[in-house]
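Please look over the sequence and the three-dimensional structure shown below. The report that follows goes through selected parts of the structure, one topic at a time.

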Amino acid sequence: AAAVHPISALQSEWSLWTRDIEAEIVPTCRELGIGIVPYSPLGRGFLTGRFRSAADFGEGDTRPLAQPRFAEGNLEHNLAVVRELEALAADRGVTAGQVALAWVQHRGSDVVPIPGTKRRSYLEQNVAAAGIELSEHDLAAVEAVVPAGTIAGDRYPEAGMRAVGR
């Protein structure tokens with residue numbers, strides 16, 4: 001596509017929750033000078049620590065039914081990962097969501113994440129994350145807590161996964 005028309009930015013899901021673009025897509029974007037706009041950098045809200053159990057999903061919330069990472073079995077594993085991220089964040093006096101956003105922002109100057117939010121308090125937390133400086137030690141600590149491949153379950157059901165990356 002870049003050979004046909006210049007591309008300014010690629011919008012793709014990227015977070016501690018979803019890291020599949022790191023191996024091929026990110027290097028290709030950088031080679032071609034294409035910026036990266038990660039959507040869902042908070043893992044569909046999961047990395048904020050908002051959810052503690054299946055009971056925390058509100059009526060009409062389709063995540064537990066439509067996304068395998070929120071399904072029974074995977075949910076428990078992923079909640080344990082977020083608890084570790086929360087502990088790391090608490091040591092720094094910030095929230096797990098702020099660490100998750102800061103991690104994405106520290107992936108490069110060509111990365112501009114776009115977290116969704118429904119509440120002003122979340123917006124304020126997200127904006128504050130832009131000011132968090134993560135040292136190499138901090139980044140290594142985050143990677144140790146949430147290494148690539150540690151999140152259990154696919155992003156989408158089988159049919160949705162066939163469309164990813166197309």
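## The loop between strand 2 and helix 2

Serine 40 sits in the loop that runs between strand 2 and helix 2, and in this predicted model its phi is near 55°, a positive value in a residue other than glycine. Most residues other than glycine have a negative phi. Serine 40 counts as buried because its relative accessibility is 14%, which is below the 20% limit for that class.

Arginine 44 has its place in the loop between strand 2 and helix 2, and here too phi is positive, at about 60°, although the residue is not a glycine. The side chain of arginine 44 makes a polar contact of 2.9 Å with the side chain of glutamate 13, a residue described next.

## Glutamate 13 and its partners

Glutamate 13 belongs to strand 1, which covers residues 9–13, and with a relative accessibility of 0% it counts as buried. Besides the polar contact with the side chain of arginine 44, the side chain of glutamate 13 is joined to that of arginine 155 by a polar contact of 3.0 Å.

Not counting residues up to four places away in sequence, glutamate 13 touches Thr18, Ile21, Tyr39, Ser40, Arg44, Arg155 and Tyr156. The C-alpha atoms of glutamate 13 and glutamate 136 are separated by 24 Å, and these two residues are 123 residues apart along the chain.

## Aromatic pairs

A search of the whole structure finds 8 aromatic pairs. In one of them, the rings of phenylalanine 46 and phenylalanine 70 have centres 5.4 Å apart and planes at 80°, so this pair is edge-to-face, the class for planes over 60 degrees apart. Phenylalanine 46 lies in the loop between strand 2 (35–39) and helix 2 (63–66), whereas phenylalanine 70 lies in the loop between helix 2 and helix 3 (74–91), so the pair ties together parts that are 24 residues apart in sequence.

Both phenylalanine 46 and phenylalanine 70 are buried. Ring pairs also link these two residues with others, forming a cluster made up of Trp17, Phe46, Phe51, Phe57 and Phe70.

## Helix 4 and glutamine 98

How many residues of helix 4 are buried? Helix 4 is mostly covered, with 9 of its 10 residues buried, and these are Ala96, Gly97, Gln98, Val99, Ala100, Leu101, Ala102, Trp103 and Val104. The buried residues of helix 4 pack against strand 2, helix 3, helix 5 and helix 6.

Glutamine 98 is found in this helix, which spans residues 96–105, and it is buried, with a relative accessible area of 9%. The side chain of glutamine 98 reaches the backbone oxygen of glutamine 125 at 3.1 Å. Leaving aside neighbours within four places in sequence, glutamine 98 is in contact with Gln125, Ala128, Ala129 and Ile132.

Rolling a probe the size of a water molecule over the atoms shows where empty space is left. The largest pocket holds about 500 Å³ of space. It is lined by 20 residues, of which Gly45, Arg50, Gly116, Thr117 and Tyr122 are the closest to its centre. By class, the lining of the largest pocket consists of 5 nonpolar, 10 polar and 5 charged residues, and helix 5 (residues 120–129) gives the most to this lining, with 3 residues.

Asparagine 126 also lies in helix 5, and it is buried, with a relative accessible area of 13%. Apart from neighbours within four places in sequence, asparagine 126 is in contact with Leu42, Leu101, Pro115, Gly116 and Thr117; of these partners, Gly116 and Thr117 are among the residues closest to the centre of the largest pocket, while Leu101 is one of the buried residues of helix 4.

## Proline 157

Is proline 157 buried, partly exposed or exposed? Proline 157 is partly exposed, because its relative accessible area is 39%, a value between the limits of 20% and 50%. This proline is found in the loop between helix 6 (136–145) and helix 7 (158–163).

Not counting residues up to four places away in sequence, proline 157 touches Ala66 and Pro68. From C-alpha to C-alpha, proline 157 and leucine 65 are 9.4 Å apart in space, and they are 92 residues apart in sequence.

How values were computed
Residues are numbered from 1 along each chain as its sequence is written. This is a predicted model: local features need pLDDT of at least 70, side-chain atom pairs count only at pLDDT 80 or more; totals for chains, interfaces and linings use all residues. Side-chain values use heavy atoms; hydrogens and water are left out. Helices (H or I, at least four residues) and strands (E, at least two) are DSSP runs, numbered from the N terminus. Buried means under 20% relative accessible area, exposed over 50%, partly exposed in between (1.4 Å probe, protein chains only). A polar contact is a pair of N or O atoms within 3.5 Å; within protein, one must be able to donate a hydrogen and the other to accept it, and residues adjacent in sequence count only if both atoms are side-chain atoms. Contact means heavy atoms within 4.5 Å. On a 1 Å grid over the protein atoms alone, a cavity is a set of points where a 1.4 Å probe fits but cannot get out, and a pocket is an open set with protein on both sides within 12 Å along at least five of seven lines; lining residues have an atom within 4 Å of a point. Grid points are joined across faces, edges and corners, and a volume is the space filled by probe spheres set on the points. Ala, Val, Leu, Ile, Met, Phe, Trp, Tyr, Cys and Pro count as nonpolar, Asp, Glu, Lys and Arg as charged, and the others, Gly among them, as polar. Rings of Phe, Tyr and Trp (its six-membered ring) pair if their centres lie within 6.5 Å; planes under 30 degrees apart count as stacked, over 60 as edge-to-face and the rest as tilted.
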